[in-house]
Amino acid sequence: RLLVPLVLLGVAAAHEERSVAAVQKVIQMLTDMSATTKKEKQAEEVAFGQFSTWCSQEQASLKGELSKNGADIETLSAEIGKLESDITQLGEAIGA
């Protein structure tokens, strides 16, 4: 009779130890996950900073190119107009 309660007490203690070990394992896993996500977040912040800088530089570069190309279009349009006028005058001179 005395042996059964002692066996049950031993089983309960073993179950409690496994339960505590499982909880400790979960806590360790969560701690590891937290550390990993903090490292990943920091790496993402660095990558985003680099990307943001690249975007700003590209935007400035593209604005400059658009301005230059706009001026080139105006210059070339004026030159085309002059050349068309020259074609008309030369055509008239040949036809005369």
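This passage describes the fold, the surface and the side-chain contacts of a predicted protein model.

Because the model is predicted, local features are reported at pLDDT of at least 70 and side-chain atom pairs only at pLDDT 80 or more, whereas totals for chains, interfaces and linings use all residues. Residues are numbered from 1 along each chain as its sequence is written, and side-chain values use heavy atoms, with hydrogens and water left out.

Helix α1 covers residues 3-95. Of the 96 residues in the protein, 0% are buried, a class that means under 20% relative accessible area, while exposed means over 50% and partly exposed lies in between (1.4 Å probe, protein chains only). The accessible surface of the protein comes to about 8,800 Å², and 65% of this surface belongs to carbon and sulfur atoms; accessible areas come from the Shrake-Rupley method with a 1.4 Å probe, and for residues only the protein chains shown count as cover.

A search of the whole structure finds three salt bridges, each defined as a side-chain nitrogen of Lys or Arg within 4 Å of a carboxyl oxygen of Asp or Glu. In one of them, Glu45 is joined to Lys41, with the closest N and O atoms 3.7 Å apart; both residues lie in helix α1, four residues apart, which corresponds to about one turn of the helix. Glu45 is partly exposed, at a relative accessible area of 47%, whereas Lys41 is exposed, at 53%. Asp72 and Lys68 form another salt bridge, in which the closest N and O atoms are 3.0 Å apart, and these two residues also lie in helix α1, four residues apart, about one turn of the helix. Here Asp72 is partly exposed at 31% relative accessibility, and Lys68 is exposed at 51%. The side chains of Lys82 and Asp86 likewise meet in a salt bridge, at 3.0 Å from N to O. Because Lys82 and Asp86 are four residues apart in helix α1, about one helical turn separates them; Lys82 is exposed, with 51% relative accessibility, and Asp86 is partly exposed, with 23%.

Aromatic contacts were also examined. A pair of aromatic rings is described by the distance of the centres and the angle of the planes. Rings of Phe, Tyr and Trp (its six-membered ring) are taken to pair if their centres lie within 6.5 Å, and planes under 30 degrees apart count as stacked, over 60 as edge-to-face and the rest as tilted. By this rule the count comes to one aromatic pair, formed by Phe51 and Trp54, which is stacked, with 6.1 Å from centre to centre and 25° between the planes. Phe51 and Trp54 are three residues apart in helix α1, so about one helical turn separates them. Both residues of the pair are partly exposed, Phe51 having a relative accessible area of 46% and Trp54 one of 47%.

A nonpolar patch on the surface is formed by Val26, Leu30 and Met33, which together have about 300 Å² of accessible area. Patches are made of residues with over 30% relative accessible area and no salt bridge, like charges being joined within 9 Å and nonpolar side chains (Val, Leu, Ile, Met, Phe, Trp, Tyr) within 5 Å.
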